[in-house]
Amino acid sequence: MKVKVLFIMFLWLGGMATSSAASLQLSLTLPSKAGEYHNPYVAVWLEDSSGKSVRTLVLWRERAKWLKDIRRWWRKVGRKDSELVDSITSATRAAGRYQLDFNALDDDKDPLAAGDYVLNVEVVRENGGRGIIKQKFTLNGADQTFTLAANSEMAKSMFTIKGSL
């Protein structure tokens, strides 16, 4: 009996170790703008090395009819999967710094495999501009930090991977 309990605990703990996904952290900064300012629509997603979207992390929007203005994300993901859009959408955010934390899982909640990926951040504003950042990274179990350069719609931001695979 004692051996059975130990064996079951071993299997359970072993399963926990192999199923833990890396941790992804995005410190996203949306700058304030002078004049007429509308909160931006933001999409953040991951693509694999073939360019296929594997996970939408963030979708901040106000009205569904404007989703197509987040052009790159809309073409890759949005127009193909309305159920996903409904499940991840949240309200737009005002200018400021946002700390966003995620597990490295795909849209089906399975851990991402080791390999090469691209983090995409698309920020679009009504009566404003469009900013897109792409950051290549490799999931390999190592901790990594990337500085995302500022553009017209996003201030300098940080992307960190805390890496268990």
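This is a predicted model: local features need pLDDT of at least 70, side-chain atom pairs count only at pLDDT 80 or more; totals for chains, interfaces and linings use all residues.

User: Is V42 buried or exposed?

Analyst: Buried means under 20% relative accessible area. V42 comes in at 0%, so it counts as buried.

User: Which residue does E122 form a salt bridge with?

Analyst: Its partner is R130, with the closest N and O atoms 3.5 Å apart. Check the accessibility of both ends, too: E122 is buried at 0%, whereas R130 is partly exposed at 29%.

User: How many salt bridges does the structure hold?

Analyst: Two. Besides the E122 pair, the side chains of E153 and R125 meet at 2.7 Å, N to O. E153 is in the loop between strand 8 and strand 9, and R125 is in the loop between strand 6 (115-124) and strand 7 (130-139), so this pair ties together parts 28 residues apart in sequence. Both ends count as buried here, E153 with 5% relative accessibility and R125 with 10%.

User: What is the strand order in the open sheet of four strands?

Analyst: The general idea is that strands of a sheet pair through backbone hydrogen bonds, either parallel or antiparallel. In this case the order reads 5-1-9-8, with antiparallel pairing. Strand 5 (96-103) and strand 8 (144-148) are the edges: each has a single partner strand, so one side of each lacks a neighbour in the sheet. From one strand to the next, the twist averages 10°.

User: How many bridges join strand 8 to strand 9?

Analyst: Five, and the two strands run antiparallel, with strand 9 covering residues 157-162.

User: What does the side chain of S157 lie next to, in terms of backbone atoms?

Analyst: For a polar side chain, look for backbone N or O atoms. A polar atom of the S157 side chain is 3.0 Å from the backbone nitrogen of T29 and one is 2.9 Å from the backbone oxygen of A155. S157 belongs to strand 9 and is buried, at 1% relative accessible area. Beyond four places in sequence, its contacts include S27, L28, F146 and L148.

Methods: Residues are numbered from 1 along each chain as its sequence is written. Side-chain values use heavy atoms; hydrogens and water are left out. Two strands pair if DSSP finds at least two bridges between them. Axes are lines fitted to C-alpha atoms, for helices over the stretch in contact, and angles run from 0 to 180 degrees between N-to-C directions. Buried means under 20% relative accessible area, exposed over 50%, partly exposed in between (1.4 Å probe, protein chains only). A polar contact is a pair of N or O atoms within 3.5 Å; within protein, one must be able to donate a hydrogen and the other to accept it, and residues adjacent in sequence count only if both atoms are side-chain atoms. Contact means heavy atoms within 4.5 Å. A salt bridge is a side-chain nitrogen of Lys or Arg within 4 Å of a carboxyl oxygen of Asp or Glu.
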